[in-house]
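Here are my notes for someone opening this structure for the first time.

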2 protein chains.
Amino acid sequence: MKPLILISNDDGYDMPGINYLASVARQWGDVIVVAPDGPRSGASLSVTFQRPLSARIVRQETGLTVYACNGTPTDCVKLAISQFCPRRPDLVLGGINHGDNSAVNVHYSGTMGVVIEGCLKGIPSVGFSYCSHSMDIDFQPMRPYIDKVLEYVLAHGLPQGVCLNVNAPDANHYRGMKLCSMGSGLWKNELACMDHPRGGKYYWLVGEFDAETRDTPSSDFRCLKEGYITITPTKTDVTAWEAMNELAGLQIEAGG
Amino acid sequence: MKPLILISNDDGYDMPGINYLASVARQWGDVIVVAPDGPRSGASLSVTFQRPLSARIVRQETGLTVYACNGTPTDCVKLAISQFCPRRPDLVLGGINHGDNSAVNVHYSGTMGVVIEGCLKGIPSVGFSYCSHSMDIDFQPMRPYIDKVLEYVLAHGLPQGVCLNVNAPDANHYRGMKLCSMGSGLWKNELACMDHPRGGKYYWLVGEFDAETRDTPSSDFRCLKEGYITITPTKTDVTAWEAMNELAGLQIEAGG
């Protein structure tokens, strides 16, 4: 039986990035897409408790079924695995995201929400992102690198609790593909304050990315700038083991 | 000058948990609350790009200002620090959350979204959660533990890139407070499928927590069950350093 590959994203089911990724994944297995019915950028791992979820099939042909869902990216993965997948997926893919998910963006990204959710469920999971918001991207130069990742992960799996955050620079040619660490750059000037025509203020979330000079040569953000496709192995266990000794003074033994 | 303490949550600005935490925090500094204007449970680190943010002051007295905001918990922290805080906060607090944020819940929690956002901004940040959704909780037995944490963190700060996820069992008496690791339990049976009266299906996100038997004695979930208040030191750098060697075969050097 062919591998079953589940794909979602945070840009919406009908975007060029997810269409391209689905077309590549079909060479490797049966594909089911369960993705948001509109933009969910910045959804992180948010989940929906306040209202019911639903989904409709928007495309169905041999080896490919596409659902549009009213939930978040993480909702899509939960719904897909629980209700729509004919068997347990062998691989969960997020993307291709329209925009950079390196450095701190991993925390805000709905596409990486898909991937972390897949990883939490014990399924090898990979996110792909392209560092441009253009609607007119030629993903073809990225193709051999995507194939390499899919081939590797389908053959070897991934270490338990580890997923991959793959980012590609906006370029026609790549210097290669590197394992990287999460860059330490952050967003600054994140709020644009506007005067409401009837008085008062409102705000748009915007921001400039401030690349962190503390970044080591292995940081994903820096390697992207150097023309590499970056793979940031990303863990789901966020325990800060290295801080335990320093924080020992916080413990209290009350007895009883 | 007194420390400035910024508080938010994911349950909403007017909930008992955040009111109690604000009352405790006022003993330690000037308090500004910027919290969602309604429930945002499960918001994770989601941020709002598609619509503008706004906030209104709902309470103002010496040493305490409370804003209700239309955004997510993470939006609230960004908006507060950028626009509303008279100086950079010395401490960011999330909670007290109505519900357990141990184990995998750290990934979905909007309260921990507050805390991780504060930590990313370089501010010592702590989330408090209480393992019950009751609206009639006596938080008083938790008080000496909250005071201990606030005293420690205001005096010593926290290691860079590390925040604290503090959870209290639903009890009148605690055996003490322990440093813990993130438990490995997960949610199962997460979707309830319903028949729509006009035909078709819809789904509610529900779930049962499946405590993982692989959990070590140090897991937060297990220590909560034993009657301890748990502190899970939580890191913002999610790089899986330990996986780099195993994944080395993924690298490609194209040259050029």
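Is Lys121(B) buried, partly exposed or exposed? Lys121(B) has 21% relative accessibility, so it counts as partly exposed (buried is under 20% relative accessible area, exposed over 50%, partly exposed in between, with a 1.4 Å probe and protein chains only).

1. Some housekeeping: this is a predicted model, where local features need pLDDT of at least 70, side-chain atom pairs count only at pLDDT 80 or more, and totals for chains, interfaces and linings use all residues. Residues are numbered from 1 along each chain as written, chains are lettered from A and ligands numbered from 1 in written order, and side-chain values use heavy atoms, without hydrogens and water.

2. Lys121(B) joins a salt bridge with Glu190(A), at 2.8 Å from N to O (a side-chain nitrogen of Lys or Arg within 4 Å of a carboxyl oxygen of Asp or Glu). Glu190(A) counts as buried, at 9% relative accessibility.

3. Lys121(B) also meets Glu117(B) in a salt bridge, at 3.0 Å. Glu117(B) is buried, with 0% relative accessibility.

4. Now the interface: 86 residues of chain B are in contact with 86 of chain A (contact means heavy atoms within 4.5 Å). The count between the two chains is 6 salt bridges, and one of the pairs is Glu242(A) with Lys235(B), at 3.2 Å.

5. Over all chains, the structure holds 22 salt bridges. Within chain A, Arg87(A) and Asp30(A) form one, 3.4 Å from N to O.
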